[in-house]
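Here are some notes to read alongside the model. Take them in order, with the structure open next to you.

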Amino acid sequence: MNRVIDKRKKLARRKHHIRKNISGTASKPRMSVFRSNSHMYVQVIDDVAGCTLVSASSLEGELKGLKNTVADAAKLGEAVGKRMLEKNIDTCVFDRNGYLFHGIVKSIADGARKAGVKF
């Protein structure tokens, strides 16, 4: 039980440490990644206006059925990258949301870069 609490505290501490230095604007929004045990979610957020500009998850439409794997995370990253380019957003700030930058999180970032988004 204590290990679970310690993991959550460490994640919250990393998340707070990252978010105090990162902010999204209309010209350079923040791309936030969240992953659970079974699904992945990506949002592109304008923190000044407080609105989500683009989102994608493994629960919706053509992305439904993506598993929580590195290969499928790259597909999710490409999908969100294409949606960003459709809305004329070509650059953003990457927010790993407290997760370590490897595996699924890195694969999402690489997929968005492959679609043409700059970090």
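1. How many aromatic pairs does the structure hold? It holds four. The term covers rings of Phe, Tyr and Trp (its six-membered ring) with centres within 6.5 Å; planes under 30 degrees apart are called stacked, over 60 edge-to-face, and the rest tilted. Take Phe-94 and Phe-101: their ring centres are 5.9 Å apart and their planes sit at 85°, so this pair is edge-to-face.

2. Before going further, a word on what you're looking at: this is a predicted model, where local features need pLDDT of at least 70, side-chain atom pairs count only at pLDDT 80 or more, and totals for chains, interfaces and linings use all residues. Residues are numbered from 1 along each chain as its sequence is written, and side-chain values use heavy atoms, with hydrogens and water left out.

3. Confidence next. pLDDT is the predictor's confidence in each residue, on a scale from 0 to 100. The protein averages 92, and 99% of the residues score at least 70. Among the elements, H1 has the lowest mean pLDDT (86), while H3 has the highest (97). Helices (H or I, at least four residues) and strands (E, at least two) are DSSP runs, numbered from the N terminus. As a rule, where pLDDT is low, the predicted coordinates should not be read in detail.

4. Phe-94 is buried, at 16% relative accessible area, whereas Phe-101 is partly exposed at 36%. (Buried means under 20% relative accessible area, exposed means over 50%, and partly exposed is in between, using a 1.4 Å probe and protein chains only.) Phe-94 also pairs with Phe-119: the centres are 5.3 Å apart and the planes at 65°, so that pair is edge-to-face. This pair links distant parts of the chain, with Phe-94 in strand E4 (residues 93-95) and Phe-119 in the segment after helix H3 (104-115), 25 residues apart. Phe-119 is partly exposed, with a relative accessible area of 32%. Elsewhere, ring pairs join Phe-34, Tyr-41 and Tyr-99 into a cluster.

5. Now the inside. The largest nonpolar core has 24 residues, and Met-31, Leu-76, Val-80, Met-84 and Ile-108 are those with the most contacts inside it. At least two residues of this core come from each of strand E1 (30-35), strand E2 (40-46), strand E3 (51-57), helix H2 (70-86) and H3. A nonpolar core here is a set of buried Ala, Val, Leu, Ile, Met, Phe, Trp, Tyr and Cys residues joined through side-chain atoms within 4.5 Å. For background, nonpolar side chains tend to be buried together in soluble globular proteins.

6. Which residues does Val-80 touch, not counting those up to four places away in sequence? They are Met-31, Val-42, Val-44, Val-54 and Ala-56. Contact means heavy atoms within 4.5 Å. Ser-57, in strand E3, is buried at 9% relative accessibility. Leaving aside its neighbours within four places in sequence, Ser-57 is in contact with Met-40, Tyr-41, Leu-63 and Leu-76.

7. Cys-51 is partly exposed at 32% relative accessibility, while Cys-92 is buried at 1%.

8. Val-117 is buried, with a relative accessible area of 3%. Not counting residues up to four places away in sequence, Val-117 touches Gly-81, Met-84, Asp-90, Cys-92 and Ala-112.

9. Last, have a look at Asn-97, in the loop between E4 and H3. Is Asn-97 buried or exposed? At 9% relative accessibility, Asn-97 counts as buried. A polar atom of the Asn-97 side chain lies 3.1 Å from the backbone oxygen of Val-33. Neighbours within four places in sequence aside, Asn-97 is in contact with Leu-11, Lys-15, Ser-32, Val-33 and Phe-34. Of these, Lys-15 lies in helix H1 (residues 2-19) and is partly exposed at 39% relative accessibility.

Key:
A polar contact is a pair of N or O atoms within 3.5 Å; within protein, one must be able to donate a hydrogen and the other to accept it, and residues adjacent in sequence count only if both atoms are side-chain atoms.
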